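Q: Please show me how to read the packing of side chains inside a protein model.
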Amino acid sequence: MTDTPVDNRAEAAHQVGRRTVLIATGATAATLAVGAAAPEAPTADTATAVPAAAAAVCTLTKEMTEGPYYLDGQYVRSDISEDKTGFPLRLTLTVVDDDTCVPLSDALVEIWHCDALGEYSGFVGNNGHSEPDNGTFLRGGVLTNSSGVASITTVYPGWYRGRCVHIHIKVHTDVTLTSDGSFTGGQELHTGQLFFDETITARVGALSPYSANTVPRTTLAQDSIYDEGGAASGLLTLTALGSSPSAGYAGTLTLGVEQS
């Protein structure tokens, strides 16, 4: 999708009612190696996977809008940060069936988000900052392992005008991996967004490189998309990786999706 940005009211109006589940998980993300874009799809290490999804209590929630910045054909890779500056973010996302809570293996979890200055690859300049644009930074996905876990390394997102800090996410099944390290086909089961604790975001936003973002930041409470639903609406559980925000965070969530 290559539409130009829309305002928040228009974005909110496109929310759909497909049934889905988002369930919090308190697991700690495993340390990841940088994943190269290759036709062999990276998966999470099963030794560090979180198998507790079957014990989770399923809670139904609505999906979130895709938004204006999606691009097709992104890489299947476990590290999407490329050369972007920012604080490390290690995501552990567990995908389960919404009816049974059984983990889904080989589901492609795809994410995309803006950089510290609020700019998306493929759309640089829309948030008022000038920087190189290769069309791929902070975009990509990974296949879940046998425990339904997708582990992705990126950087803590920045913000753009009118929206709180967030990450966009899709879950696909039955994709075909391509020789250039991307994917095609399959079935899209879920489109949503991941959100961040306001206290942590305020600490991050006060520090470089995030403090160089010249656009006023919309808080979680002010956002037109986030509905105060907590984990059921995509709010990540964040764990500090060190004593200062610059050390980064681990973010965890379990997503339940409807397969039929």
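Predicted model: local features only at pLDDT ≥ 70, side-chain atom pairs only at ≥ 80, totals over all residues.

A: Residues are numbered from 1 along each chain as its sequence is written, and side-chain values use heavy atoms, with hydrogens and water left out.

Q: Which residues have the most contacts inside the largest nonpolar core?
A: A nonpolar core is a set of buried Ala, Val, Leu, Ile, Met, Phe, Trp, Tyr and Cys residues joined through side-chain atoms within 4.5 Å. Buried means under 20% relative accessible area, exposed over 50%, partly exposed in between (1.4 Å probe, protein chains only). Here the largest core has 36 residues, and L93, V109, Y156, F196, Y210, L236 and L238 have the most contacts inside it. Elements that each supply at least two of its residues include β3 (88-97), β6 (149-155) and α2 (198-205); helices (H or I, at least four residues) and strands (E, at least two) are DSSP runs, numbered from the N terminus. A second, separate core of 13 residues includes W112, Y120, L143 and F183.

Q: How is a pair of aromatic rings described?
A: By the distance of the centres and the angle of the planes. Rings of Phe, Tyr and Trp (its six-membered ring) pair if their centres lie within 6.5 Å; planes under 30 degrees apart count as stacked, over 60 as edge-to-face and the rest as tilted. The count here is ten aromatic pairs. Y69 and F123 have ring centres 5.1 Å apart and planes at 75°, so they are edge-to-face. These two residues are 54 residues apart in the chain, and both are buried.

Q: Where do Y156 and Y210 lie?
A: Y156 is in the loop between β6 and β7, and Y210 is in the loop between α2 and β11 (237-240). Their pair is edge-to-face, at 6.4 Å centre to centre and 85° between the planes. Y156 has 1% relative accessibility, so Y156 counts as buried.

Q: Which lysine lies over the face of F137?
A: A charge sits over a ring if NZ of Lys or CZ of Arg is within 6 Å of the ring centre and within 35 degrees of the ring normal. K84 lies over F137, 4.0 Å from the ring centre. K170 lies over the face of Y70, at 4.9 Å.

Q: How many disulfides are there?
A: A disulfide is a pair of cysteine sulfur atoms within 2.5 Å. The count is zero. C114 is buried at 1% relative accessibility, and C164 is buried at 2%.
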